[in-house]
Amino acid sequence: MVKNVVVLLLPDDLIVEILARLPVKSLKRFSCVCKSWYDIIKDPVFIAKHLDQTRFYDNESKNILISDFQAFSFLMISSSGTSTETAPNNNNGTVWTRIHITGFEDFPLVYGICDGIVCLHSYSDGIALWNPATRETKSIPRTTMRNWEYKRDTIMYFAFGYDPKTGDYKIVKFVTSPIQEVELYTLSLDSWKQIDLDNVTIDIELSSRSYTYLKGRNHWLAYDEQKNSDLEILYFDMSDEVFGVIPLPDSFRELTGRITVYNEMIVLILYQNKLASTIEDPIDVWVMKEYGVKESCTLLSTTVGVHMALLVWSHDGVFMESSREELLSYHPTSQQFKNLGVFCDGTQPVLYQETLVSLNGKHEEEEEAGILSP
């Protein structure tokens, strides 16, 4: 006996609204259900809509991405402490997913993440953009800038971000100190251009290579050599393509540290500017509650007993590195530490959020000679 089957046909606009709220892994599976769903999920308009949804729930769906040099791969730890994929567990209850990457002669360093796109760089292979969720990569053309053209006291920096005015992704590359040469890569043009330095008078020394992206700008902690080495925030505006400075309280002058972002606010993780820090040294976490206003900097917490505070900020609080290079999470409210059972290996974990954003590049299954061009 054949039972009657009722097929419920939903309007296309309702299907789009439902799909736009699903994670990338589910969408990859559902794109195989039928051609119409495949066409929806691959549509650039849908990808933009899904990205808007992801940004709206920004702090609810981020994971931690950690470099694992020895295994030539990355570890993805869910913000909820669970994983939807089969993954090894440890005695600390942390579950992770291992993501392998191929095509690099040297293991690449992460130089920024924006909208699910990871900017990678290795000295042998150059720069590439990578979407771990879709396994898509794009090799970035070489620039005219070369490390060996500069003196030993100069350092080259990279930063990756989104231009909200044009809807494009860009990479800025510059040499300091002082700022001597700047080049800017635009994804839609797939090319670099020189940035005019006539109006750049900033003589700064960046406190570290770490930076953070917020409000269309990349931000670094820096010392202003023209102001008695005051600690300030150097930024590069991706839309206006100019550098600028955000002042910080005078009491920060003798400090150094790292900069990150949470809930659309700048977060500063600061400690005494010494050649070597110990676990007895206090680490202060400051929040700039009003962007660009130094008077709005508020002390959130002071921590002792860790080797180094890292860039990452999430629901679990500040992520720190122990003296044994273990990754710890610290929640300022409860003042409790949690050992995640993962070794940092001297690397910097970052927050990652899965998206469908396309790079118009290659997928792993298409690669033969590798990700990056020589």
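User: Why is the charged end of Lys215 said to sit over the ring of Tyr291?

Analyst: The charged end of Lys215 lies 5.9 Å from the centre of the Tyr291 ring. A charge sits over a ring if NZ of Lys or CZ of Arg is within 6 Å of the ring centre and within 35 degrees of the ring normal, so 5.9 Å meets the distance limit. Arg217 likewise has its charged end over the ring of Tyr235, 3.9 Å from the centre. Please keep in mind that this is a predicted model, where local features need pLDDT of at least 70, side-chain atom pairs count only at pLDDT 80 or more, and totals for chains, interfaces and linings use all residues. Residues are numbered from 1 along each chain as its sequence is written, and side-chain values use heavy atoms, leaving out hydrogens and water.

User: What makes Tyr162 and Tyr169 a tilted pair?

Analyst: Their ring centres are 5.0 Å apart and their planes stand at 55 degrees. Rings of Phe, Tyr and Trp (its six-membered ring) pair if their centres lie within 6.5 Å; planes under 30 degrees apart count as stacked, over 60 as edge-to-face and the rest as tilted. The value of 55 degrees therefore gives a tilted pair. Both Tyr162 and Tyr169 are buried (under 20% relative accessible area, with a 1.4 Å probe and protein chains only).

User: Why is H1 called oblique to H3?

Analyst: Helix H1 (residues 12-19) and helix H3 (residues 35-42) pack at about 60 degrees. Angles under 35 degrees count as roughly parallel, over 145 as roughly antiparallel, 65 to 115 as roughly perpendicular and the rest as oblique, which makes H1 oblique to H3.

Methods:
Buried means under 20% relative accessible area, exposed over 50%, partly exposed in between (1.4 Å probe, protein chains only). Axes are lines fitted to C-alpha atoms, for helices over the stretch in contact, and angles run from 0 to 180 degrees between N-to-C directions. Helices (H or I, at least four residues) and strands (E, at least two) are DSSP runs, numbered from the N terminus.
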